[in-house]
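Please look over the sequence and the model below before reading on. The report is meant to be read beside them.

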Amino acid sequence: MEPILTAVQLKKVYGGRGNQSSALSDVNFKVFPGEFTGIMGASGSGKTTLLNCISTIDRPTGGSIIVDGQDVTALKPAALSSFRRERLGFVFQDCNLLDTLTVFENIALALTILKTPVSELKSSVRETANLLGIGDVLDKFPYQISGGQRQRAAAARAIITKPALLLADEPTGALDSKSARLLLERLDELNRERGATILMVTHDAFTASWCRRILFLKDGSIYAVLDRGEADRQDFFHRIMEIVSELGGDETHVS
């Protein structure tokens with residue numbers, strides 16, 4: 001099986017000569033189709049920089065990033081824009097929905113850009129919204145629904161185009177514990193039932209415990225890799241916390 005994502009000797013350096021700061025140093029890993037992988041690390045460990053490079057928001061200083069068979073570090077701007085739109089999905093801490101559009105219109109936006117036929121668009125939006133438990137708020141505007149519903153709408157918008165890779169940056173960071181759990185349950189369902197490949201950055205051990213594998217970063221390099229295997233989520237949480245303690249982080253448990 002070919003990996004969906006391959007990072008090879010990834011480096012990111014900020015600043016100029018004589019005043020450089022290394023954010024990533026020789027990072028190597030692979031993510032295979034259908035994996036739910038987390039990235040953890042203390043503040044300043046490089047986890048957000050890594051996600052920004054993979055998502056093409058930032059460009060690495062060295063190394064390569066292969067996503068769905070394409071070296072995204074080598075793509076020209078027009079091709080990169082098209083690739084990002086068609087093959088990547090994004091869920092951020094701030095859901096970034098457009099307040100002037102309904103939930104339905106926000107979710108449908110990516111399909112509209114891709115010129116999807118109206119009949120197909122409508123059925124895809126309803127199916128995806130129902131999967132994420134927001135089928136009853138499609139006619140509402142973002143300010144009329146809860147934070148958890150907004151984040152699930154953002155997730156629906158991210159997966160509607162069936163991207164090769166779904167990237168999530170602290171998706172539960174602005175949610176209360178109940179809303180966070182609902183979102184994580186839906187992401188887990190997307191992973192198990194739709195085979196969605198998810199890469200999620202989080203500082204929270206409870207959120208990370210929903211993943212099947214965790215990459216821990218320290219000082220811009222991979223410090224440890226933890227596979228869940230056959231462990232239940234509670235046991236996996238405790239194993240995550242052990243490594244978090246080694247790293248000296250303050251990651252917490254959200255009940």
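The sections below take up the basis of the model, its salt bridges, a helix pair and the nonpolar cores.

## Basis of the model

This is a predicted model, in which local features need pLDDT of at least 70 and side-chain atom pairs count only at pLDDT 80 or more, while totals for chains, interfaces and linings use all residues. Residues are numbered from 1 along each chain as its sequence is written, and side-chain values use heavy atoms, with hydrogens and water left out.

The structure holds seven salt bridges, the term being used for a side-chain nitrogen of Lys or Arg within 4 Å of a carboxyl oxygen of Asp or Glu. One of them joins Asp58 to Lys12, with 3.3 Å between the closest N and O atoms. This pair links distant parts of the chain, 46 residues apart, since Asp58 lies in the loop between helix H1 (47-54) and strand E4 (62-67) and Lys12 in strand E1 (residues 5-14). Helices (H or I, at least four residues) and strands (E, at least two) are DSSP runs, numbered from the N terminus. Lys12 has a relative accessibility of 9% and counts as buried, where buried means under 20% relative accessible area, exposed over 50%, and partly exposed in between (1.4 Å probe, protein chains only).

Glu35 and Arg213 form another salt bridge through their side chains, at 3.0 Å from N to O. Glu35 is in the loop between strand E2 (21-31) and strand E3 (36-41), and Arg213 is in strand E9 (residues 213-218), so the pair ties together parts that are 178 residues apart in sequence. Glu35 is partly exposed at 21% relative accessibility, whereas Arg213, with a relative accessible area of 11%, is buried.

Within helix H6 (residues 177-194), Arg186 and Glu189 lie three residues apart, about one turn of the helix, and they form a salt bridge whose closest N and O atoms are 3.5 Å apart. Arg186 is partly exposed, with a relative accessible area of 23%, while Glu189 counts as buried at 19% relative accessibility.

Helix H4 (residues 118-131) packs with H6 at an angle of about 120 degrees, their axes being 10 Å apart; axes are lines fitted to C-alpha atoms, for helices over the stretch in contact, and angles run from 0 to 180 degrees between N-to-C directions. H4 and H6 are therefore oblique to each other, given that angles under 35 degrees count as roughly parallel, over 145 as roughly antiparallel, 65 to 115 as roughly perpendicular and the rest as oblique. On the H4 side, Glu127, Thr128 and Leu131 meet Arg186, Glu189, Leu190 and Arg194 of H6, contact meaning heavy atoms within 4.5 Å.

## Nonpolar cores and a buried asparagine

The largest nonpolar core has 53 residues, of which Ile107, Val125, Ile134, Ile214, Phe216 and Ile240 touch the most other members. Such a core is a set of buried Ala, Val, Leu, Ile, Met, Phe, Trp, Tyr and Cys residues joined through side-chain atoms within 4.5 Å. Apart from it lies another core, of 28 residues, among them Val72, Leu167, Leu199 and Val201.

Asn106, in helix H3 (residues 103-113), is buried, with a relative accessible area of 0%. Not counting residues up to four places away in sequence, Asn106 touches Leu97, Leu98, Leu101, Pro142 and Arg157.
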